[in-house]
Amino acid sequence: MRFFLAGSLLLSNVLGTAVPRAEQKVDYTGFKVLRLSLAKASHDIEAQIEKVAAHILNPGKTTLDVVVSPESVDTVKALVPESIIINEDLGVTLAEEGELVSPDFSASAVPSETWFTAYHPYADHLTFLSDLQGGFASQSEIFTAGTSVQGRALTGIHIWGSGGKGSKPAILIHGTVHAREWITTMTAEYFAWQLLTKYASDTTVKSLVDKYDYYIIPAVNPDGFVYSQITDRLWRKNRQTVSSSTCVGRDINRNWPFKWEVTGGASTNPCSETYKGLAAGDAPENKGLVAQVNSLRDGKGIRLYLDIHSYGQYILWPYGYDCSLVVHNSAQLRSIATSAAAAIKAVSGTSYTIGPSCSTLYATTGSSVDYVDSAGNATYSYTWELRDTGDYGFQLPASQIQPTVRETWQGLVSTLTNAG
Ligand SMILES: [Zn+2]
């Protein structure tokens, strides 16, 4: 995509002036979000839109939400006659999201629920995890699942109950696969926080913790997450380069080594939001995640995999790579998802759409849910797309963090209860 070639080019295009190579934060003041209907558009229209738009927010759908600079609005509207503006000024929405808040960790106590009232810098997320683990050292430990392109450890927390460490089937939960989906970091952390802090006082939580071993990685794309915090709030991919292009980043959720080679569910263009990489599983993040999935599979097995994304409010299951295939345990997956959606809705009315990934949302190849279902032999494998349906998109205001993590937690409790 033209705006995202490299730091200097990026800014000179967006701002229209030459700037030093040192990366500055992308200013989205005045940028609009357009919702485009591609139902009657030609096949190559998405590639053309990608060249003009600053970001495509939900690549693959027939209804595309795209971020467009004020100067490019008319160009995009000429490409796609059916469009509406769903956000007049992204800069205003970003202000509503709130500043990154760095809490006072000096007491080194178990984090309080206040953590879930603001977004935080990446380094603080690591402190959150270690402080939480430190408070429950006899039933948790910090683990890493490989290393990112830029050398950051993919850091998670392993939680177990009365059976002891590693004695039960695995519940594997990933957040922040896509860098800009900040609500997912908070949600994965809330799950870990609830499982540990409520273990002693809540019999439901105790029974769920005693039944499984939990492996929760709140940010499996740390490089992209940091980049989204410092430079471009709407960054999606990792930060891996290719020699053939000045564009940066592979889509970690199109790089898993299962049906990676199938066409139509990812891009071979390094500038695309859904760039699949040069070879199956060639992103360092995927190598680490694949090794962990395989290790859990070969151990006690994976009972449930949950890949947490935003936005759209969906509960999705395999397959992503083929819309005509029906997964062998489709009926159970649907039944569990139906109950989870009802549990979420019961909290504050948030409605989720459920269904197989490809036919419900869009085709995805090399996706995590397909890999963990098929190669990881997980009993249940889901993608959850959290709030909202586009009003705020990825920039969910800080005031919505607690309502979102609380309702999603009820979805998890329901899922775990029914996955037994
Ligand atoms: Zn995502």
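**Exercise 1. Spacing of the zinc donors**

Task: State which spacing the donors of the zinc ion follow along the chain, and classify the site by the angles among its four donor atoms.

Solution. Step 1: along the chain, the donors of the zinc ion are spaced as H-x2-E-x127-H. The model is predicted, local features need pLDDT of at least 70, side-chain atom pairs count only at pLDDT 80 or more, and totals for chains, interfaces and linings use all residues. Residues are numbered from 1 along each chain as its sequence is written, and side-chain values use heavy atoms, with hydrogens and water left out.

Step 1: the coordinating atoms are His178 (ND1), Glu181 (OE), Glu181 (OE) and His309 (ND1), at 2.0 to 2.5 Å. Donors are N, O and S atoms within 2.8 Å of the metal (3.2 Å for Na, K and Ca); water is not among the atoms, so sites may look incomplete.

Step 2: the angles among the four donor atoms run from 56 to 143°, and the site is irregular. Four donors count as tetrahedral if all angles lie between 85 and 135 degrees; four count as square planar and six as octahedral if opposite donors are over 155 degrees apart and all others between 65 and 115; anything else is irregular. For reference, ideal angles at a metal are 109.5 degrees for four tetrahedral donors.

Step 3: His178 counts as buried because its relative accessibility is 2%. Glu181 counts as buried because its relative accessibility is 2%. Buried means under 20% relative accessible area, exposed over 50%, partly exposed in between (1.4 Å probe, protein chains only).

**Exercise 2. The chain as a whole**

Task: Decide whether the radius of gyration of the protein chain agrees with that of a compact globule or departs from it, and describe the chain's burial and contacts.

Solution. Step 1: for 420 residues, a compact globule would have a radius of gyration near 22 Å; the protein chain has 20 Å, which agrees. The radius is taken over C-alpha atoms, and the globule rule is 2.2 Å times the number of residues to the power 0.38.

Step 1: along the principal axes, the C-alpha atoms fill a box of roughly 60 × 50 × 45 Å. The protein chain holds 13 helices and twelve strands. Helices (H or I, at least four residues) and strands (E, at least two) are DSSP runs, numbered from the N terminus.

Step 2: 59% of the 420 residues count as buried. The chain exposes about 15,300 Å², of which carbon and sulfur atoms supply 52%; accessible areas come from the Shrake-Rupley method with a 1.4 Å probe, and for residues only the protein chains shown count as cover.

Step 3: of the contacts with a separation of 6 or more, 74% are between residues 24 or more positions apart. Contact means heavy atoms within 4.5 Å.

**Exercise 3. Leu195 and Pro111**

Task: Find the element that holds Leu195 and the loop that holds Pro111, and list what each touches.

Solution. Step 1: Leu195 lies in helix α6 (residues 182-197) and is buried, with a relative accessible area of 0%.

Step 1: not counting residues up to four places away in sequence, Leu195 touches Ile159, Val205, Val209, Tyr214, Ile216 and Trp409. The C-alpha atoms of Leu195 and Val205, ten residues apart along the chain, are separated by 6.1 Å.

Step 2: Pro111 lies in the loop between α4 (90-97) and α5 (122-135) and counts as buried at 11% relative accessibility. Not counting residues up to four places away in sequence, Pro111 touches Phe128, Asp131, Leu132 and Trp193.
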